[in-house]
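Please open the model in your viewer and keep the selection tool at hand, since this tour moves from one group of aromatic side chains to the next.

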Amino acid sequence: MATVHLRIGDLVWGKLGRYPPWPGKIVSPPKDLKKPRGKKCHFVKFFGTEDHAWIKVEQLKPYYVHKEEMIKINKGKRFQQAVDAVEDFLKKAKGKEQNSDGKGDSKGRKTSNKPLKILEEDDEDLSALKDTSEKDLTDSDPESSTIERLGAGPGSGFKWESSSVKDDPHFHHFLLSQSEKPASSMEPISKRLKIIEEDTGSTSIQAADSTAINGSITPTDKRIGFLGLGLMGSGIVSNLLKMGHVVTVWNRTAEKCDLFIQEGARLGRTPAEVASTCDITFSCVSDPKAARDLVLGPSGVLQGIRPGKCYIEMSTVDPETITELSQVITSRGGRFLEAPVAGSQQLSNDGMLVILAAGDRTVYEDCSSCFQAMGKTSFFLGEAGNAARMMLILNMVQGSFMATIAEGLTLAQATGQSQQTFLDILCQGQMASTFVDQKCQNILQGNFKPDYYLKHIQKDLRLAISMGDMANHPTPMAAAANEVYKRAKALDQSDNDISAVYRAYIH
């Protein structure tokens with residue numbers, strides 16, 4: 001098979017493990033990032049994401065030559081958005097070339113076809129590489145990609161090499177958070193992540209786009225326990241298993257564990273047994289009472305906690321519950337982290353949740369591969385209780401917003417306006433979002449299958465209002481929305497989706 005000569009600036013298709021090929025650009029790695037040992041590889045930035053990775057040469061194809069082939073085998077929405085981003089890049093590049101040709105080049109630059117040297121495993125000085133798009137080119141400099149040169153390279157006889165992500169160090173992912181701060185503000189933590197310290201003291205970890213990049217996750221070797229297989233927990237556990245984590249599961253209704261046992265999970269007989277046999281135990285249940293009972297009840301988590309054991313509370317509860325659980329876990333020598341998640345059942349299934357964490361920061365770092373598997377972004381917010389506060393505020397806003405949208409839809413109907421037209425106009429304005437479109441379409445179709453239970457958003461509104469009272473801060477909008485959800489619950493909508501609040505206005 002002919003050698004593929006690639007260099008910095010080239011547009012490519014990069015393949016990560018069992019995930020589909022994704023368009024990207026070969027770029028210079030950060031100065032402080034060492035190249036993985038082993039086979040030759042390039043540092044690639046993927047279009048349509050903020051993700052970067054070291055990709056082996058065998059897993060790279062020239063973009064233009066294989067464009068039609070790749071488009072035929074991948075029809076996903078995110079994939080198409082990534083391809084569109086490449087085309088926009090090409091148009092801008094062509095425009096810059098035309099502008100440059102019109103003005104002339106007083107320096108008389110020459111075009112070089114010399115390929116960039118691919119770093120060997122003993123090449124330690126990555127600072128020698130420069131992104132050619134940011135400097136003048138000379139005879140000895142590798143040229144950045146042009147539209148014409150993208151056609152170079154082999155057009156056939158190229159097969160993707162199958163490899164195991166779990167055992168392949170070349171797929172360790174280098175993650176860059178979306179931030180306006182310069183890259184120099186980043187500092188490394190374990191699991192090859194990059195974090196950003198913001199002025200508030202919070203920390204953000206940008207995790208992988210699960211549609212293309214999560215195949216690069218190197219799962220922790222720690223034993224993971226998971227308690228609670230509801231709407232959110234089921235998707236989380238599924239993604240942990242897919243990414244190679246060793247997981248023991250428990251659920252109050254034991255039958256829910258069966259599917260995950262078939263997928264490779266182990267079965268825990270009690271919460272205490274899970275906590276005692278696992279290094280890190282996650283919990284995701286419905287409300288503060290369920291969270292307390294799971295820890296403090298018969299055969300509860302507390303009975304299985306030993307020095308060094310980690311417990312992560314992912315349920316959306318009040319700060320007081322978090323403080324209580326943190327105190328009892330740490331009193332036994334355990335380590336505690338709260339990590340409620342923002343999202344829905346669909347986002348949980350897709351591995352695209354947003355994780356809000358607070359408490360023991362070392363536990364947060366130990367859980368990095370887990371958070372990458374289950375979410376797109378995680379934030380560390382400081383001391384225990386802060387994540388609960390932030391989560392309640394977010395859900396207060398979401399619940400109030402959903403009630404207002406339902407009110408608008410029913411008012412449109414009451415005044416003789418088309419609800420579909422109202423939605424069409426709404427989705428063309430500043431409030432356009434996937435959330436608005438999906439919820440409104442489901443309402444118009446009479447589909448209230450739960451993606452996030454109505455009873456849970458009402459619980460969160462109630463807890464947020466109580467939190468406001470304790471802080472002597474008014475929450476009149478949330479209070480009004482809470483009354484609408486209470487009416488919806490009285491109409492037997494508790495186990496439907498939050499969009500079923502619509503029914504409170506039509507009965």
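A residue counts as buried when its relative accessible area is under 20%. The model shown here is predicted, and Phe43, with a relative accessible area of 2%, is therefore buried by that cut-off; we return to this residue at the second stop.

Begin with the aromatic rings, which form eleven pairs in the structure. Select Trp13 and Tyr63, whose ring centres lie 5.0 Å apart with the planes at 20 degrees, so that the pair is stacked. This pair links distant parts of the chain, since Trp13 belongs to strand 1 (residues 11-14), while Tyr63 lies in the loop between strand 5 (60-62) and helix 1 (67-73), 50 residues apart. Trp13, at 0% relative accessibility, counts as buried, and Tyr63 is buried too, with a relative accessible area of 1%.

Next, select Phe43 and Trp54, an aromatic pair described as tilted, with 5.1 Å from centre to centre and 55 degrees between the planes. Here, too, distant parts of the chain are linked, with Phe43 in strand 3 (residues 41-46) and Trp54 in strand 4 (residues 51-56), eleven residues apart. As to burial, Phe43 has the 2% given above, and Trp54 counts as buried at 4% relative accessibility.

Now move on and select Phe226, Phe282, Tyr364, Phe371 and Phe380 together, which form one aromatic cluster.

For the last stop, select Lys455 and Tyr453: what sits over the ring of Tyr453? It is the charged end of Lys455, 5.2 Å from the centre of that ring.

Methods
Residues are numbered from 1 along each chain as its sequence is written. This is a predicted model: local features need pLDDT of at least 70, side-chain atom pairs count only at pLDDT 80 or more; totals for chains, interfaces and linings use all residues. Side-chain values use heavy atoms; hydrogens and water are left out. Rings of Phe, Tyr and Trp (its six-membered ring) pair if their centres lie within 6.5 Å; planes under 30 degrees apart count as stacked, over 60 as edge-to-face and the rest as tilted. Helices (H or I, at least four residues) and strands (E, at least two) are DSSP runs, numbered from the N terminus. Buried means under 20% relative accessible area, exposed over 50%, partly exposed in between (1.4 Å probe, protein chains only). A charge sits over a ring if NZ of Lys or CZ of Arg is within 6 Å of the ring centre and within 35 degrees of the ring normal.
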